[in-house]
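Biologist: I am new to this one. Please show me how to read it.

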Amino acid sequence: MDIDINSIKSMDDILKLLNSTQLSSVVSNEWTAFKMHASDFYHMVEWKDPMIVAILCFHVMTLMTVAATRKHINFQSVLFFVLITIAYGVQYANSYLAEHWERFTNRNYFDKNGLFLSIMFSAPVLLSCFFLLINFIRESFGLLIELKTRELRQKKKAAAKSNSQPKETKKSK
């Protein structure tokens, strides 16, 4: 029996699907396939190749820079745009490296779709960008809290000031 998405009409159908052993077997099969492909990828890469070592060092340095500059939001903004630009440029680098791979590495890792560079370069760069975004959100929350705290203090001072001034009495005519 195949899973038919169109047959789902209610929450009960979704719950039946989630509880079915068929769905768990599909997930189990996909997880097994993923582990097999990841293992194949791991064994395919020559990890001592200078280009691979350079890529890994770049990612370590990038993550260290992201962590070390977490309080410097302006620097991190520039770093974010530089990393996004690098991730965008990887498709062009893949084209060049596919033609001239002998200059950089012992194996031709560069296919026409750019899968190798996407996994080895773009994915970690985008992960660093994700950490930067999380830091931007954290900093924004901190600034919002600081702003609201100042606003409340200012209102409190204004209220205290108006309460301490003597009230004007109305003069009778």
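Biologist: What share of contacts between residues at least 6 apart in sequence join residues at least 24 apart?

Modeller: A contact means heavy atoms within 4.5 Å. Among contacts in this protein between residues at least 6 apart in sequence, 65% join residues at least 24 apart. This is a predicted model: local features need pLDDT of at least 70, side-chain atom pairs count only at pLDDT 80 or more, and totals for chains, interfaces and linings use all residues. Residues are numbered from 1 along each chain as its sequence is written, and side-chain values use heavy atoms, with hydrogens and water left out.

Biologist: What is the mean pLDDT of the protein?

Modeller: pLDDT is the predictor's confidence in each residue, from 0 to 100. The mean here is 86, and 86% of the residues reach 70 or more. Where pLDDT is low, the predicted coordinates should not be read in detail.

Biologist: How many helices and strands are there?

Modeller: Both are DSSP runs, numbered from the N terminus: helices are H or I, at least four residues, and strands are E, at least two. This protein has 5 helices and 0 strands.

Biologist: At what angle do the axes of H3 and H5 cross?

Modeller: Axes are lines fitted to C-alpha atoms, for helices over the stretch in contact, and angles run from 0 to 180 degrees between N-to-C directions. Under 35 degrees counts as roughly parallel, over 145 as roughly antiparallel, 65 to 115 as roughly perpendicular and the rest as oblique. The axes of H3 and H5 (residues 115–164) cross at roughly 5 degrees and come within 10 Å. H3 and H5 are therefore roughly parallel. Their contact includes Ile55 and Phe58 of H3, and Phe121 and Val125 of H5.

Biologist: Which way do H3 and H4 run, parallel or antiparallel?

Modeller: The axes of H3 (residues 50–68) and H4 (residues 73–99) come within 11 Å and cross at roughly 155 degrees. The two are therefore roughly antiparallel. Phe58, Thr62, Thr65 and Val66 of H3 meet Phe75, Gln76, Leu79, Leu83 and Ile86 of H4.

Biologist: At what angle do H4 and H5 pack?

Modeller: The angle is about 165 degrees, with the axes 10 Å apart. That makes H4 roughly antiparallel to H5.

Biologist: What share of the residues count as buried?

Modeller: Buried means under 20% relative accessible area, exposed over 50%, and partly exposed in between (1.4 Å probe, protein chains only). Of the 173 residues, 18% count as buried.
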